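Please keep the sequence and the structure open while reading.

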Amino acid sequence: MTCVSQFRWTSAACTDVGRVRERNEDACLAIPEQGIWVVADGMGGHAVGDFASRAVVQALSALPAPASLEGAAENARIAIQTVNQLLIDEALKLKVRVIGSTVVVLLACERRCSCLWAGDSRLYLFRDGHLKQLSRDHSQVERLKARGLITAEEARHHPAHNTITRAVGAAATLDLERLTLEIGDGDVFLLCSDGLSNEVEDDQIGAILAANAADPTMAADALLRQALDNGGRDNVSVVVIRAEDIGGGSDMTLLNPEV
């Protein structure tokens, strides 16, 4: 028995090296028929960053069709943990300090979805004309913001704004954060690397999604172009996903996040 979604899913994924970097160390995945979407942003330089992000995406693309949302989340967690050890072993073999990658993965089953993530690649929800960041960056500036030591504006220009505190391959123990959400008709989800979120303000992201909410391909292309027009100083990856209810209405509730 496999998990059957009560929504019709349409999605689009795109990635670009940007205007400054020589290599694209991002990777993304969209398999709407299986209810799985991923963005990974590799790190480590010298061609190992793209190895890391590809390893994450390849592992998640090979997941079996789940029987439940909990099963999907557990399978994804095991796959990412396996890649975590693979990257640690590879770093030791190549004698480099770290080979790592952020990850944000969205899984859908029946009327709910779950997100698992580590690092600063993000999940946004665009619902009823409003954009909300659902994931919480695992970064040094996020820690400073949480303690009230810097403002959101100061965080954007802080010297440590690219310093992440959690990633696949960064430590023997990987804590993936998770949240679960009830899906609503017309919900639009956005997965992205920091090449988008660092270049494009949230109000710009919201405006682009509002203008292209019915067409994920147009939305993804417009977001990517905006990041490039704003400087394109990093690799940019975008996955836009739209849910269309084919089975009636539902209550839209954010369930308890898990760490």
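## Contacts and overall make-up

Two residues are in contact when heavy atoms of theirs lie within 4.5 Å. The model discussed here is predicted.

The chain has 259 residues, and 50% of them are buried. Its secondary structure consists of 7 helices and 10 strands. Among contacts with a separation of 6 or more, 73% join residues 24 or more positions apart.

## The largest nonpolar core

In soluble globular proteins, nonpolar side chains tend to be buried together. The largest nonpolar core in this chain holds 33 residues, and the ones touching the most other members are L60, V103 and L107. Two or more residues come from each of strand 2 (26–31), strand 3 (36–43), helix 1, helix 2, strand 4 (100–109) and strand 5 (112–118). Helix 2 is the biggest contributor to this core, giving 9 residues.

Which residues does L107 contact, leaving aside its neighbours within four places in sequence? They are G35, I36, L69, A72, A73, A76, R112, C113, S114 and L116. Apart from this core there is a second, separate one of 22 residues, which includes A12, Y124, V200 and L209.

## Helix 1 against helix 2

Two packed helices are described by the angle between their axes and the distance between the axes. For helix 1 (residues 48–61) and helix 2 (residues 69–94), the axes come within 9 Å and cross at roughly 155°. Because angles over 145 degrees count as roughly antiparallel, helix 1 is roughly antiparallel to helix 2. The crossing of helix 1 with helix 2 is right-handed.

On the helix 1 side, the contact is made by V48, F51, A52, A55, V56, A59 and L60. Helix 2 supplies A76, A79, I80, V83, L86, L87, E90 and L94. By class, this contact of helix 1 with helix 2 comprises 14 nonpolar residues, 1 charged residue and no polar ones.

## Helix 6 against helix 7

Helix 6 (residues 202–211) packs on helix 7 (residues 216–229) at an angle of about 150°, and their axes are 9 Å apart. Helix 6 and helix 7 are therefore roughly antiparallel to each other. They pass in a right-handed crossing.

Where helix 6 meets helix 7, the residues are Q204, I205, I208 and L209 from helix 6 and A219, A222, L223 and Q226 from helix 7. Of the residues in this contact, 6 are nonpolar and 2 are polar, with no charged ones. L209 is also one of the residues of the second core.

## Two loop residues with positive phi

E110 is not a glycine, yet it has a positive phi of about 55°. Its place is the loop between strand 4 and strand 5. Is E110 buried, partly exposed or exposed? With a relative accessible area of 43%, E110 is partly exposed.

D128, which is not a glycine either, has a positive phi of about 55°. D128 sits in the loop between strand 6 (122–127) and strand 7 (130–133). The relative accessibility of D128 is 64%, so D128 counts as exposed.

How values were computed
Residues numbered from 1 in each chain as written. Predicted model: local features only at pLDDT ≥ 70, side-chain atom pairs only at ≥ 80, totals over all residues. Heavy atoms only, no water. Axes fitted to C-alpha atoms, helices over the stretch in contact; angles between N-to-C directions. Helix = DSSP H or I, 4+ residues; strand = E, 2+ residues; numbered from the N terminus. Parallel < 35°, antiparallel > 145°, perpendicular 65-115°, else oblique. Left-handed = near helix turned anticlockwise from the far one by under 90°. Nonpolar A, V, L, I, M, F, W, Y, C, P; charged D, E, K, R; others polar. Core = buried A, V, L, I, M, F, W, Y, C linked by side-chain atoms within 4.5 Å. Buried < 20%, exposed > 50% of the residue type's maximum accessible area, 1.4 Å probe, protein only.
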